[in-house]
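Here is a short briefing on a predicted model.

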Amino acid sequence: MKLSQIWLATVFLLLFLTPQVWASKAFASAALEAALREALDKVAATTTGEDDIAELALLHRFYTERDWQALWVGEDRALPSAFRLGEVLKNADEEGLDPTDYHSPAIQALLASAKVDLLAPLEIRLTQSLVRYGADLNGGRLVPRQVDPELFVYPRDLDRYALLQAVAGGGDVSEILAGLAPQDDSYRALKSVLARYRLLAAMGGWNKIGDGSTLDPGVRDDRVIALRTRLRTTGELRIADEGIPDDPRLYDATLQRAVERFQANHGLGVDGRVGKNTLAHLNTSVEARVQQILANLERERWVAGKPVGRHLAVNLADFTLRLYDEGREAFTSKVVIGTPYNRTPVFRRDMTYLEINPFWNVPPSIAGKELLPKIRKNPAYLEENGYELFSSWSDSATLVDPHTVDWGAVTAGRFPYKIRQKPGIDNALGRIKFMLPNEFNIYLHDTPAKALFSRAERSFSHGCVRVDKPIDLAVAVLQDEATWNRELVVAAIEKGERRVVSLAKPLPVQIDYQTAWVNDAGVLQFRGDVYGRDALLISALLGPRSTAESLPTD
């Protein structure tokens, strides 16, 4: 064929065939647009929850602004990006999330289908799941205050439309979503532990140890054999250390060290004795531990973006305070927290000042319920214990002689007076108070009740956090203040006068509740649920989630 003939044939194709192709494509696009609208309408018809309605409004805006062009499907097949997102959603359980929350089973069925009329439902379902999964990964599946009103935690809010635009702009959906998860080492370590414990569960978990009297080092008991097996399963007893015991029934020194490791890793009293409490932790099932890990992964998502500079972290479930400096643990102290009746809330504030030799203004509830009965028995009680009585809580209040008050007429419900304890060694706040102004009237402080720090579980306060090593903490907090050192702090205490020390730079304080984590040494830690907050969170995580499930799958 001559060149001129080839040129004429090309012109013919452009003039006569191309419009037919274009018309076919235009028809197909119009058909897909109609199918997308119909699929979205079917979801909307069964949607009632406010979050779901907002989600659907977002999808409608997104598709309207892109002239109803599909993101995940073509005219006759799903695009590679659809399969990539489907794989991410299918593996949501690796993040401690539930794949069914993101329509994963239905999406997998739709991806496997060859039916063209199911492409629009697949498209809508994928976009809906992208937004929901991204939001959950970014800030948690649950709203903290809806789970527990004592959680004053405010997770990051995801810009869902920006997520859609990023994916529509050609970004790799797997990488974009991975970037929304907490980037903390603690989150990644807990994810790894989750995989390991799920594998343990799939293999049958660990054996239980029968009830009986306390197992002490040196005893011989058939239950010691079960104890050995149990501790080998989770690694506290290493075969390399143990060798082949001469008598498996003997509770020997190697097994004792393994029990002590177990006790330390579970926040128990480390004494090497397998009593009722240690036995309960040993017999907690692997399934229960998996649920505990899931709960703490959700907490990690709630508080992603932790301070990277100097900050204080109080873990209520661990009864411990830690000061971090650029990721390094610079100081640690035992703490006493609120009782289960006077639970310390979870919140974040900045420490702005310290009080040396503080007064204690007794809260009216404590004055009425705890001090009033003692005053009635002995009107001199206040004076003998360093308390002052004021006519009211106003700034103009005057001192009142307790002996002039008819205490029989005063009730706990109507306690008009203010009681203040003077500074001193018997002051309920001890010699130092660390102030982080907040609406809960919670702060950190010293205490004269030092014996309580020897307990493994330390929930004894009215809500504030008592610190075992207050002087050391004060020195650590004030280390950047040029005018303070340990000697000056001690001298100010010994002077006996109240003194307020402002911090030049506020110190962030996190009061958290974490019952499962991996410590800096790479060792998994579990703690008891002293406030029942794990139980609330696990119940909510495992409970039903409102979803729109009206789209066809076949």
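The axes of helix 14 (residues 286–302) and helix 19 (residues 533–542) come within 9 Å of each other. They cross at roughly 90°, which means that helix 14 is roughly perpendicular to helix 19.

**Helix contact**

- On the side of helix 14, the contact is made by Q291, Q292, L294, A295, N296, E298, R299 and W302.
- Helix 19 answers with R533, D534, L537, I538, L541 and L542.
- By class, the contact of helix 14 with helix 19 has seven nonpolar, three polar and four charged residues.
- Two packed helices are described by the angle between their axes and the distance between those axes.

**Strand 3 and its partners**

- Six bridges join strand 2 (residues 320–325) to strand 3 (residues 328–338), and the two run antiparallel.
- Within this pair, L321 stands opposite S333 of strand 3.
- The hairpin of strand 2 and strand 3 has two residues between the strands. There, E326 takes a positive phi near 55°.
- Strand 3 also pairs with strand 11 (residues 465–467), through two bridges and in antiparallel fashion. V335 has V467 of strand 11 as its bridge partner.
- With strand 10 (residues 459–461), strand 3 runs parallel, again joined by two bridges. Here I337 stands opposite S459 of strand 10.
- Strands of a sheet pair through backbone hydrogen bonds, either parallel or antiparallel.

- What is the order of the open sheet of three strands? The order is 5-7-6, and the pairing is antiparallel.
- The edge strands are strand 5 (360–361) and strand 6 (387–390), each of which pairs on one side only.
- Strand 5 and strand 7 (residues 418–421) run antiparallel and are joined by two bridges.
- W360 has Q421 of strand 7 as its bridge partner.

**Second largest pocket**

- The second largest pocket has a volume of about 1000 Å³.
- It is lined by 40 residues. The closest to its centre are W360, P363, I366, A428 and H462.
- By class, the lining of the second largest pocket has 19 nonpolar, eleven polar and ten charged residues.

- Rolling a probe the size of a water molecule over the atoms shows where empty space is left.
- How many cavities of 30 Å³ or more does the count give? The count comes to one.
- About 30 Å³ of space lies in the largest cavity.
- The largest cavity is lined by Y197, W206, R230, T234, E236, F262, H266, R289 and F526.
- By class, that lining has four nonpolar, two polar and three charged residues.

Definitions and conventions
Residues are numbered from 1 along each chain as its sequence is written. This is a predicted model: local features need pLDDT of at least 70, side-chain atom pairs count only at pLDDT 80 or more; totals for chains, interfaces and linings use all residues. Side-chain values use heavy atoms; hydrogens and water are left out. On a 1 Å grid over the protein atoms alone, a cavity is a set of points where a 1.4 Å probe fits but cannot get out, and a pocket is an open set with protein on both sides within 12 Å along at least five of seven lines; lining residues have an atom within 4 Å of a point. Grid points are joined across faces, edges and corners, and a volume is the space filled by probe spheres set on the points. Ala, Val, Leu, Ile, Met, Phe, Trp, Tyr, Cys and Pro count as nonpolar, Asp, Glu, Lys and Arg as charged, and the others, Gly among them, as polar. Axes are lines fitted to C-alpha atoms, for helices over the stretch in contact, and angles run from 0 to 180 degrees between N-to-C directions. Helices (H or I, at least four residues) and strands (E, at least two) are DSSP runs, numbered from the N terminus. Angles under 35 degrees count as roughly parallel, over 145 as roughly antiparallel, 65 to 115 as roughly perpendicular and the rest as oblique. Contact means heavy atoms within 4.5 Å. Two strands pair if DSSP finds at least two bridges between them.
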